[in-house]
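Please look through the structure below with its sequence at hand.

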Amino acid sequence: MSTQKRRNFKIEAFKHRVELDPKYAEKTWKVLEHAIQEIYNHNASGLSFEELYRNAYNMVLHKYGEKLYSGLVTTMTWHLKEISKIIEAAQGGLFLEELNRKWGEHNKALQMIRDILMYMDRTFVPSNHKTPVHELGLNLWRDNIIHSSKIQTRLLYTLLELVHRERTGEVINRGLMRNIIKMLMDLGASVYQEDFEKPFLEVSANFYSVESQQFIECCDCGEYLKKAERRLNEEMERVSHYLDAKSESKITNVVEREMIANHMQRLVHMENSGLVNMLIDDKYEDLARMYSLFRRVPDGLSTIRDVMTSHLRDTGKQLVTDPERLKDPVDFVQRLLDEKDKHDKIIHLAFNNDKTFQNALNSSFEYFINLNPRSPEFISLFVDDKLRKGLKGVSEEDVEVVLDKVMMLFRYLQEKDVFEKYYKQHLAKRLLSGKTVSDDAERSLIVKLKTECGYQFTSKLEGMFTDMKTSQDTMQGFYASQSPETSADSPTLAVQVLTTGSWPTQPTTTCNLPAEILGVCEKFRTYYLGTHTGRRLSWQTNMGTADLKATFGKGQKHELNVSTYQMCILMLFNSSDRLNYREIEQATEIPASDLKRCLQSLACVKGKNVLRKEPMSKDIGEDDVFFFNDKFSSKFYKVKIGTVVAQKESEPEKQETRQRVEEDRKPQIEAAIVRIMKSRRVLDHNNIVAEVTKQLQSRFLPNPVVIKKRIESLIEREFLERDKVDRKLYRYLA
């Protein structure tokens, strides 16, 4: 197989040179120059674009690109200077129209010229770093028309004047404005910004500065905000119609700064119409407008929030410290709930459910509810009122709503253990008197408290319900064990056996029960202790009730529903018609404060006065004498005689409750200290106080002084010891 020799190809130049007419370039340029002039003179229909393209092509091909390009610049510049004179000559409103028309014509001409010089644009221009034809046309327009000394200032003034006229309510030619502004944008971002946008923003700032000053002097806050909102919307609409979209944020910033940011403090504090008045009068629309406008400026929302918080705290403080309001605990709590509902609604409808506003509302409520040390007691009394009678005939959903509101107030309490103390007392009274509206509502609230504070908080409350159920079974067993003959003559007894730890501790007060009652009580004691080993019973006569059948003058019979104490008093009148205060006190041994309240309700309450007293007065004195009231009459057969109760605790009772709370807190604080020290082994004093506070704040805020005392107590009992060197350091002793 033979190998072929490699061949080398060579391209040789033309043997003869192509001779060009020396005047070729000049002639060709003249043809093209004439064509460009015809295009500007609107006579392009007679031109052969194909021939012109070929001429331009040949000029570039024969290295006359520079001549073609510079000739184009010169010709276009001359034409644009002529156009400039025509535009300058236009009078008044025709100025912009002329400018717009000439701009349109220039763009058409530019398109045609670019088509003719397309080859130059694609080859000569890039290789020689020249400006492309279209861009060149725009630059020449900018330099010769827009930046001409006579047009530049006049154009800016005309545009700003039109904007001003539109702001003052006149209708302008928006289409023309749009075209002129688009022309500036087409000439480059810097042209639009320098020749229009910057001066436009400055003039706008001055306009709104003056206008806002006029508005704020003559309008109330609501009116001013409406005007500011309208102006803001107008500017956004103006941008959408004929300005660059990027200008929107800039012009809205100007309006926001001049109309809102510069007047924020004056607006929120405006007399008779500022933020506080809007809150008081529930002006949701105005508040929503204020929120939406203020959120646009720095520190706007914090300004509203601070004023709202300050107003809320002042209102709340007034509410919880006003002695008149404190007279009715139920009304006191209802006012708190109304205040909370009111502001919740404002935050929902006007403040877009803003979490920061919700937090401010919560912290304000927590602040002023805890200013009144009786808030836990009052909230418990409110619950007591609702669950006794306030929720009768109310649907389950509405009951849940009320309970949820109570829980909301409960969360604000720092001394939750004080609430628990009172709640337990009030629940005990409701259960024992059978006065609760609904067991389901009671249990529902306990479940909510359990969810909020844990099992420990409610275990005793649940124990109270268990006792009530067990007592029913015990009574059935007791009566089943009694023979029908013995039980027929004796009074009917209904006993509730209460576990000591679960129920509020009551001081056992000895009271002399009538002989008839003592007999049946002893039978029950014998039965109960016979069926349960290792238990003790003590009678809580201050918590019981009784039904008595009584016969008055003219044989009128009634059934009286009274407390155990009242029964003991009334039974004395079976053997005496007249008894003085000291005789009753001696015979019954009822504590003086309770005895006076019982006698007051039996003798001084109109329509319930089964006893008469001399002298007749509202208060009970130690020298008063009491008689059985033969003339008592009532249209009801059953007459309920309540005890005159102090709904709120008296001062000594309050002190006693507070003391019990303080005592109950001690073991909880000690337990927290031991828990912390067990895990940390060594800790300094300040950190122990901080940790204990953190652990216990869901129930109460422990006092640092008390924590210190509990630490001392634990050191004495050798749970902890002080460090030998650093006395502020404690060590855990296992």
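In this predicted model, S7 and strand S9, residues 729-732, pair in the antiparallel sense over 3 bridges. One of the residue pairs is Val682 with Arg731, its bridge partner in S9. In general, the strands of a sheet pair through backbone hydrogen bonds, either parallel or antiparallel. The pair belongs to an open sheet of 3 strands with the order S7-S9-S8 and antiparallel pairing. Strand S7 (682-684) and strand S8 (720-722) are at the edges and have a single partner strand each, so one side of each is left without a neighbour in the sheet. From one strand to the next, the twist averages 30 degrees.

Two helices pack on this sheet. Helix H30, residues 685-696, touches S7 and S9, and its direction makes about 95 degrees with that of S7. Helix H31, residues 704-716, touches S8 and S9; the angle between its direction and that of S8 is about 100 degrees.

S4 pairs with strand S5, residues 625-628, in the antiparallel sense over 4 bridges, and Leu611 stands opposite Phe628 in S5.

The last element to follow is a helix. Helix H25 spans residues 515-531 and has 17 residues. From its first C-alpha to its last it reaches 25 Å, close to the 24 Å expected at 1.5 Å a residue. Which residues of H25 are buried? They are Ile517, Val520, Cys521, Phe524 and Tyr528. Seen down the axis of H25, the buried residues fall within an arc of 105 degrees, so they line one face of the helix. An α-helix has 3.6 residues a turn, so residues three or four places apart point the same way. Ala515, Thr526 and Gly530, on the other side of H25, are exposed. The cover over the buried residues of H25 includes helix H23 (455-481) and helix H26 (564-572).

Terms used:
Residues are numbered from 1 along each chain as its sequence is written. This is a predicted model: local features need pLDDT of at least 70, side-chain atom pairs count only at pLDDT 80 or more; totals for chains, interfaces and linings use all residues. Side-chain values use heavy atoms; hydrogens and water are left out. Two strands pair if DSSP finds at least two bridges between them. Axes are lines fitted to C-alpha atoms, for helices over the stretch in contact, and angles run from 0 to 180 degrees between N-to-C directions. Contact means heavy atoms within 4.5 Å. The expected span of a helix is 1.5 Å times one less than its number of residues. Buried means under 20% relative accessible area, exposed over 50%, partly exposed in between (1.4 Å probe, protein chains only). The arc is that of the directions from the helix axis to the C-beta atoms.
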